[in-house]
Amino acid sequence: MRRKHLAKNPACFGIGMIFFTTVGAYLQDYVGWQASFIATFFIVLLATLVLGWGLPETCTTRHPLGCQHLWTKYRQYLCQRRFMCCCLLHIISGAQLNAFTTLGPFFIQSSLGYKAVTYAHCMVAMGGAYVVGAICHISYLYRYSAKSVQTNTLGLMALCALIFLWHSTTHPMTLTSL
């Protein structure tokens, strides 16, 4: 049951990456570059209101808030090496994705001379690949153990990183090399 719910998060993230990048590119192209940031502000404000008042409380029992209890729990989490490695990998990949989606349209416009809508078309392909990858990853979790999936995924990520590094160093700066 938990695996089914885990599949929804990356798939929704990929769909959001496709949809909002496309909307942002069209806003930037037809309204101006500030429109994307203004739209993001209102989306975050709306999400905060919906989450703050629309979601029910999930914890039915109230616990007293004590600093000693929190520090003990945090120490247990921070001392686990695998947990910290996963957190670091998540932070790095999230930062890379945020930097690419924020700076990508400006880079494509200024350096390569394309419109922001062209970047949106690239993001449709990238988001589609992200959704397919998330679905495949979850389907592998149903068939194989989590440890073997983790080992194979890290190997596949390293192989893809080497291929992309080779491609970026041997090909000139074009839209396909991004």
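Residues are numbered from 1 along each chain as its sequence is written. Local features need pLDDT of at least 70, side-chain atom pairs count only at pLDDT 80 or more, totals for chains, interfaces and linings use all residues, and side-chain values use heavy atoms, with hydrogens and water left out.

**The chain as a whole**
- The chain has six helices and zero strands; helices (H or I, at least four residues) and strands (E, at least two) are DSSP runs, numbered from the N terminus.
- Read from the N terminus, the order of elements is α-α-α-α-α-α.
- Of the 178 residues, 16% are buried; buried means under 20% relative accessible area, exposed over 50%, and partly exposed in between (1.4 Å probe, protein chains only).
- Take the contacts (heavy atoms within 4.5 Å) between residues at least 6 apart in sequence: 69% of them join residues at least 24 apart.

**How confident is the prediction?**
- The average pLDDT, the predictor's confidence in each residue from 0 to 100, is 76 for the chain, and 87% of the residues score at least 70.
- Among the elements, helix α2 (residues 33-54) has the highest mean pLDDT (85), while helix α1 (residues 2-30) has the lowest (74).
- Where pLDDT is low, predicted coordinates should not be read in detail.

**Inside: the nonpolar core**
- The largest nonpolar core has five residues: Met17, Leu97, Ile108, Tyr119 and Met123. Such a core is a set of buried Ala, Val, Leu, Ile, Met, Phe, Trp, Tyr and Cys residues joined through side-chain atoms within 4.5 Å.
- Helices α4 and α5 (116-143) each supply at least two residues of this core.
- Beyond its neighbours within four places in sequence, Met17 touches Leu97, Met123, Met126, Gly127 and Tyr130.

**Outside: a nonpolar patch**
- Leu70, Trp71, Tyr74, Tyr77, Leu78, Phe83 and Met84 form a nonpolar surface patch with about 730 Å² of accessible area together.
- Patches are made of residues with over 30% relative accessible area and no salt bridge; like charges are joined within 9 Å, nonpolar side chains (Val, Leu, Ile, Met, Phe, Trp, Tyr) within 5 Å. A salt bridge is a side-chain nitrogen of Lys or Arg within 4 Å of a carboxyl oxygen of Asp or Glu.
- Helix α3 gives the largest share of the patch, five residues.
- Tyr77 lies in helix α3 (residues 67-78), and it counts as partly exposed because its relative accessible area is 42%.
- Leaving out residues up to four places away in sequence, Tyr77 touches Phe83 and Met84.
- Leu78, also in α3, is exposed because its relative accessible area is 55%.

**A stop in helix α2**
- Thr40 sits in helix α2 and is partly exposed, at 44% relative accessibility.
- Thr40 and Gly24 are 16 residues apart in sequence, and their C-alpha atoms are 8.9 Å apart in space.

Note on methods
Areas by Shrake-Rupley, 256 points an atom, 1.4 Å probe, with all protein chains shown as cover.
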